Amino acid sequence: VQLNRLLHAMVIASLPVALYGILQHYNLDSLPWGGDVTQRVAGNMGNAIFISAYLIIPFFITLERFLRSAGRLLAEQGGEIADALLVGAYVFVLVVQSVAIIFSQSRGPWLGWFAGLYIFVLLGLIALRSRDNAGRRGAGLFRWAWLGWIGLAVAGVAFLITFNLPNSPLAGLRGVPYVGRLGQIFETDEGTGKVRVLLWEGASQMILPHAPVAYPDGTPDPLNALRPLFGYGPEAMWVAYNPFYPPDLAHYEARNASPDRSHNETFDALIITGAWGFLAYVILFGSIFYWTLRWLGWVRNRQDAVLFLTLTLLGGLGGVLVPWLALGDLRFLGVAIPAGLILGFIVYLTISAFRSTFTLQMAGSRALLLLAILSAIAAHFVEIHFGIAIAATRTYFWTLTAVLLVTGLGWLDLSDEEPLEAVSAAPPAPAAAQTSPARPTTGGRKRRSGAPPTR
């Protein structure tokens, strides 16, 4: 009950935010804004990238709610009218969320959205492939769909790379509304891309050993030697960044403005918490990805764990070496490291998909919930390296991480949830469970005296 209340609150809260953004796009907003909010909607969040970064998280929760209700509606025993109404409501919310995300024209959240969709659909199709292989129903309808999805993703990545080349044959599409924004992902000479590169230039100098930053009275920072290891602390960038301020940045932002964020989570972690804090941050996201895959049965043995760690670490190492060797500086370090990490994670999923023995161990609502949260966190991980992690997205991240933990460890009782055969095939019952005597059916779950209550 508490879980449903939480997830429904996330879905319902996203609806007015998305609707407000759509009203802005059609110039129906009665409130005066300091900038144009019709071409790139901001909703009630003040910035186009903020509304999109927020909506991509509840989008996957809404998708989970929709598939869960659709599974009940299409069940063999037949659904109820309430299930049909819920399916229609979730479809409406998904459409509104998607339209608002598109109207924001924010490239970073778009990339996160695409990455989350790839993970969600790929693992879902693998589960359906497992069901078909087991002969439960159908004649292989989904058996090869996963391969087509991988091919579509590869074609999409090739399109993005070609679209962003300096002399791209697709350059004419950059004037097409919405599509043209995808051709500016690698833009570093003008617009917001130029601002980010200049911010990263100063941030890359700030995280390396440097001369002490002076206090207002001229006293040098006594902890300067420890800053690369432990950082400057929260909300301190705007007072410590001035010595590293690139002069060219004044042509794009107010001359008296000092950045308080670097528009990149890696640089922010290094500046605020130093190398040790950044290491903890990488371990946090890496452990979320690893344990979710393990709970789902996607990491089953030592060899799988070694392959997962090897690919992700090689991706992160490549993110360090490539910008250094290619450009001779660390301006793009904050993007290259997380890009390498998430690329290694996605490569592991893709390689594992070609193993016919892979299947999801958890069945029904539990597997679907884990998959939705994994996709939402992966989308959030990509997005925060092109923007700023705001209070709403950080709150959702930690909340969903907690739900992920209690669900994966089995602390959350989902025994009353109906299994969703359209999502995952249930594994065979353990031998001990098959031979144990049947328990009497009662109105409640009995427990021994002194035993803790079932969660």
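Is K194 buried or exposed? K194 is buried, at a relative accessible area of 18%. Buried means under 20% relative accessible area, exposed means over 50%, and partly exposed lies in between, for a 1.4 Å probe and protein chains only.

1. **Basis.** This is a predicted model, in which local features need pLDDT of at least 70 and side-chain atom pairs count only at pLDDT 80 or more, while totals for chains, interfaces and linings use all residues. Residues are numbered from 1 along each chain as its sequence is written, and side-chain values use heavy atoms, with hydrogens and water left out.

2. **Overall fold.** The chain has 14 helices and zero strands. Helices here are DSSP runs of H or I with at least four residues, strands are runs of E with at least two, and numbering starts at the N terminus. Buried residues make up 48% of the 455 residues. Take contacts between residues at least 6 apart in sequence: 73% of them join residues at least 24 apart. Contact means heavy atoms within 4.5 Å.

3. **K194 and Y252.** K194 sits in helix 6, residues 191–206. Setting aside neighbours within four places in sequence, K194 is in contact with E187, T188, D189, D248 and Y252. Y252 lies in the loop between helix 8 and helix 9. Y252 is partly exposed, with a relative accessible area of 38%. Beyond four places in sequence, its contacts are D189, K194, V195 and L198. Y252 and E190 are 62 residues apart along the chain, yet their C-alpha atoms are separated by 9.1 Å.

4. **S262.** S262 is buried, and its relative accessible area is 0%. Its side chain reaches the backbone oxygen of N264 at 3.1 Å. A polar contact of 2.7 Å also joins the side chains of S262 and D268. A polar contact is a pair of N or O atoms within 3.5 Å; within protein, one must be able to donate a hydrogen and the other to accept it, and residues adjacent in sequence count only if both atoms are side-chain atoms. Neighbours within four places aside, S262 is in contact with L199, W200, A203, M237, F267 and D268.

5. **Y54.** Which helix holds Y54? Y54 lies in helix 2. At 6% relative accessibility, Y54 counts as buried. Its side chain reaches the backbone nitrogen of S14 at 3.5 Å. Not counting residues up to four places away, Y54 touches M10, A13, S14, V17, M45, A392, T393 and Y396.

6. **Nonpolar core.** The largest nonpolar core has 111 residues, and those with the most contacts inside it are L123, F289, L293, F345 and L349. Helix 12 (residues 364–383) gives the most to this core, with 14 residues. Such a core is a set of buried Ala, Val, Leu, Ile, Met, Phe, Trp, Tyr and Cys residues joined through side-chain atoms within 4.5 Å. Look at L293: beyond four places in sequence, L293 is in contact with L123, W298, V299, F308, F345, Y348, L349 and L374.

7. **Second largest pocket.** This pocket is lined by 24 residues, of which V282, I283, T312, L313 and L341 lie nearest its centre. Helix 9, helix 10 (302–327) and helix 11 (333–353) each supply at least two lining residues. Helix 9 gives the most, with 10 residues. By class, the lining has 20 nonpolar, four polar and no charged residues. Ala, Val, Leu, Ile, Met, Phe, Trp, Tyr, Cys and Pro count as nonpolar, Asp, Glu, Lys and Arg as charged, and the others, Gly among them, as polar. A pocket is an open set of points on a 1 Å grid over the protein atoms alone, where a 1.4 Å probe fits, with protein on both sides within 12 Å along at least five of seven lines; lining residues have an atom within 4 Å of a point.

8. **Positive phi.** N27 has phi near 60°, a positive value in a residue other than glycine. N27 is in the loop between helix 1 (2–25) and helix 2 (48–73). At 61% relative accessibility, N27 counts as exposed. E235 also has a positive phi, near 55°. E235 is found in the loop between helix 7 (227–230) and helix 8. E235 is partly exposed, with a relative accessible area of 48%.
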